Amino acid sequence: MLKAKNVFRIFLFFILIPVIANAQSNSERALMKGGWTGGLAGILGWDNFQEDLGDAGISDIDGFRFVLDSRNGKIVEKNVAFGFDIQWDERNRTITPTDNPSNQSNYQKRRLYFIGLWFRYYLLSGSSNWVLFPDISAGYGNYKNVVEFKDDIAADTKSISSADGIAYNLGIGVAHFLSPTVSFDVTVRWQGGKLTGEAENTDGTKKELTLKLS
């Protein structure tokens, strides 16, 4: 027959082993080598306001903006993530002068996308589930802007601008690991780069275009 002391020891054994096994924080378990990380963020917003556009006068602006940002990668070493950064930023809107006897309107569709390699390093602090991180990505950026001009008096015209080249992102943020598989991140990022291409005017003439991202 087991003595009370032995029963108590066995009880402690089965209680303490799971506690010890789970002593690591969520962040430590999440950021072990071999794991995967991925995230998705975005914006969907509508514009409806008036703006003074100089020579064009006060105009009504109506449209929407769509932003999608996804960073996905593998934990290649403890606390180190490496993978891909994909971004899509699109704005479609109609610009209509408030004083508009010829029923003039401009429709603008502007798009910027980016795809590149992404690196992030998590700065662990003890067993805290709050983790600071810097990240960086570099790759290919592509820009296109189309403006269609409509007028009851003059013929409809269009201008097209396009450019591409190398772009990059620098960021810093903080993550709170709610579990080993889920974290809530807040990131501040700065985008830079230089895209080159050409702009075609409404009369068909073309000129070189240089676009600096910032």
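**Start in the middle of a hairpin**

Select strand 2 (residues 58–77) and strand 3 (residues 80–97): they run antiparallel and are joined by 18 bridges. Strands here are DSSP runs of E, at least two residues long, and helices are runs of H or I of at least four, both numbered from the N terminus; two strands count as paired if DSSP finds at least two bridges between them. Before going on, note that this is a predicted model, where local features need pLDDT of at least 70 and side-chain atom pairs count only at pLDDT 80 or more, while totals for chains, interfaces and linings use all residues. Residues are numbered from 1 along each chain as its sequence is written, and side-chain values use heavy atoms, with hydrogens and water left out.

Now show Ile 75, whose bridge partner in strand 3 is Ala 81. Slide to the turn: two residues separate strand 2 from strand 3 in this hairpin, and Asn 79 there has a positive phi of about 75°.

**Out to one edge, then the whole sheet**

Pick Thr 37 and you'll find Gly 73 opposite, in strand 2.

In what order do the eight strands sit in the open sheet? They go 1-2-3-4-5-6-7-8, with antiparallel pairing. Strand 1 (36–52) and strand 8 are the edges; each has a single partner strand, so one side of each has no neighbour in the sheet. Look along the sheet for the twist, which averages 15° from one strand to the next (the angle between axes fitted to C-alpha atoms, taken between N-to-C directions on a scale from 0 to 180 degrees). Trace the chain from the N terminus and the elements read α-α-β-β-β-β-β-β-β-β.

**Over to the other edge**

Select strand 6 (residues 157–179) with strand 7 (residues 182–200): 19 bridges pair them in the antiparallel sense. Ile 172 has Val 188 in strand 7 as its bridge partner, and a two-residue hairpin connects strand 6 to strand 7. Then bring in strand 8 (residues 206–213), which pairs with strand 7 over eight bridges, again antiparallel. Thr 196 is bridged to Thr 210 in strand 8. The hairpin between strand 7 and strand 8 has five residues in it, and Gly 204 in the turn shows a positive phi of about 95°.

**Into the core**

Show side chains for Ala 30, Leu 31, Ile 75, Ala 81, Trp 118, Tyr 122, Val 131, Phe 133, Ala 175 and Phe 177: these 10 residues are the largest nonpolar core. A core here is a set of buried Ala, Val, Leu, Ile, Met, Phe, Trp, Tyr and Cys residues joined through side-chain atoms within 4.5 Å; buried means under 20% relative accessible area, exposed over 50% and partly exposed in between, with a 1.4 Å probe and protein chains only. Strand 5 (130–150) and strand 6 are the elements that each give two or more residues to this core. Apart from it lies another core of seven residues, including Leu 112, Phe 114, Ala 163 and Leu 213.

Finally, zoom out: buried residues make up 31% of the chain's 214 residues.
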